[in-house]
Amino acid sequence: MVSSEQSHYQNFSLAKHGGRSKNTSFYSDTLLFAGGALVAFLVVWAFWSFFSPTPAPAPSFSYNSFTERKSAGSESVSASPLTSCADGASGFDMVLDPPDPNFYDDRKLSYSIEAPPVKNWDEKRMEWLKQHPSFAAGVENRILMVTGSQATPCKNPIGDYLLLKFFKNKVDYCRRHGIEIFYNNVLFQPKMFSFWAKTPTIKAAMLAHPEVEWIWWVDSDAAFTDMDFKLPLDRYKAHNLVIHGWPNLIYEKKSWTSINAGVFLIRNCQWTMDFMDVWASMGPQSPGYDKWGEILSSIFKDKIFPESDDQSGLIYLLLKEKEKWGNKIYVEGEYYFEGYWMEIVGRLDNITERYNEIEKRERRLRRRHAEKVSESNIPVWEEYLKDAGFGREGWRRPFITHFTGCQPCSGVHNKMYSGQTCIDAMQKALAFADNQVLRNYGFMHPDLLDPSTVNLVPFDYPA
């Protein structure tokens with residue numbers, strides 16, 4: 001059977017060359033056509049080869065490529081074409097996971113806070129890092145921020161809106177400083193509610209992220225109000241837990257408010273595994289929960305409720321087991337590792353004015369730059385802020401503003417102030433922080449109490 005196109009071609013040949021037979025005409029014209037097509041193809045191919053770059057070989061995703069790269073060592077792994085564009089920015093090989101066994105293959109390993117603490121965790125982490133060498137470089141300063149909220153909608157009509165704003169604030173800070181963040185909104189131990197929910201979350205985060213050295217817990221109602229400040233990790237080299245507090249209130253006054261357990265930095269190590277096990281044993285899932293409430297209330301006379309809580313439990317370990325735990329706990333009081341919002345928010349306008357005065361004098365701080373290199377301005381700021389002072393007597397931006405006593409989700413608040421006072425203060429602090437972020441995008445809030453309005457930032461602002 002002959003196609004209509006071929007039939008048309010044959011009829012055209014016969015009409016044009018009338019004296020040739022059907023077969024002769026078909027074969028000769030076919031050869032002519034094929035030859036011409038071949039010549040045309042070779043000309044085009046030669047032209048294209050000359051002007052086109054040699055294509056890169058396609059990456060191989062076979063099992064053999066994994067084993068070859070592993071046996072070749074870390075240099076081979078780091079140069080692997082398996083690293084994608086997204087992964088290449090961080091230098092991590094997100095694809096390589098060798099089949100060699102590690103702690104994840106132990107069926108006895110449990111993420112539950114009620115399970116016995118993992119043993120030899122430091123060695124197990126190191127072994128995992130040897131299997132995944134792209135994560136080894138810089139591990140000593142790598143941080144995972146952990147935060148979260150409840151699984152159900154907030155009772156406060158604008159509670160979910162406020163929690164979203166607080167979460168955005170944390171994401172902004174993490175993005176600017178290369179920190180990963182995990183937001184959890186479920187209870188990993190159903191009986192460990194409210195402030196106790198953090199302990200099972202942290203244990204699970206440690207096991208899920210052997211590539212990080214520090215877990216940074218930040219309460220949902222805490223906001224970063226200095227987007228440039230970085231944790232002075234060198235200061236904490238000899239310690240495994242960093243909390244904000246006042247040693248005289250801990251050891252002399254024995255006050256329940258001598259520290260704040262809503263923001264802390266804890267090392268991903270065996271010490272922490274053991275410490276979390278002891279700390280969590282005071283929680284509501286423990287048979288001794290009621291007894292611990294009595295013990296803690298008898299020691300901390302200013303404690304306002306009878307139940308055992310994480311903050312009182314932590315102070316108890318500092319007081320009663322200092323040699324075992326306290327010597328590895330750094331009580332930070334030199335800057336606002338977290339600061340009480342009542343002593344901060346009223347000073348934000350004055351702080352803005354002081355920073356603007358510095359920028360008017362220093363052109364380097366007015367120069368626009370990409371958000372990815374925001375940290376380039378930190379040394380310049382430090383030249384002018386060395387005498388600014390931290391705390392309520394200073395005018396430096398507070399690092400973290402903590403809305404203790406204001407519960408954005410439930411709407412419950414301390415009777416010292418109204419719910420609207422809490423909301424206005426949250427909006428102001430969050431907009432204050434947001435202006436530091438939006439500046440890189442060319443906009444700023446003109447009014448800190450109006451979160452929906454922004455203005456275009458003029459060139460060379462605020463000269």
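Guide: A disulfide here is a pair of cysteine sulfur atoms within 2.5 Å. The model is predicted: local features need pLDDT of at least 70, side-chain atom pairs count only at pLDDT 80 or more, and totals for chains, interfaces and linings use all residues. Residues are numbered from 1 along each chain as its sequence is written, and side-chain values use heavy atoms, without hydrogens and water.

Visitor: What is a disulfide in general?

Guide: A disulfide is a covalent bond between the sulfur atoms of two cysteines.

Visitor: How many disulfides does the structure hold?

Guide: It holds two. One is formed by C154 and C409, with sulfur atoms 2.1 Å apart. The other joins C406 to C422, S to S 1.9 Å.

Visitor: Where in the chain do C154 and C409 lie?

Guide: Helices (H or I, at least four residues) and strands (E, at least two) are DSSP runs, numbered from the N terminus. C154 sits in the loop between β1 (143–148) and α7 (159–177). C409 is in the loop between β9 (400–402) and α16 (419–438). The two are 255 residues apart, so the pair links distant parts of the chain.

Visitor: Why is the disulfide of C154 and C409 left-handed?

Guide: The torsion about its S-S bond is about -105°, so this disulfide is left-handed. The link of C406 and C422 is left-handed too, with -75° about the S-S bond. C406 lies in the loop between β9 and α16, and C422 in helix α16.

Visitor: Are C154 and C409 buried or exposed?

Guide: Buried means under 20% relative accessible area, exposed over 50%, partly exposed in between (1.4 Å probe, protein chains only). Both C154 and C409 are buried. C406 and C422 are both buried as well.
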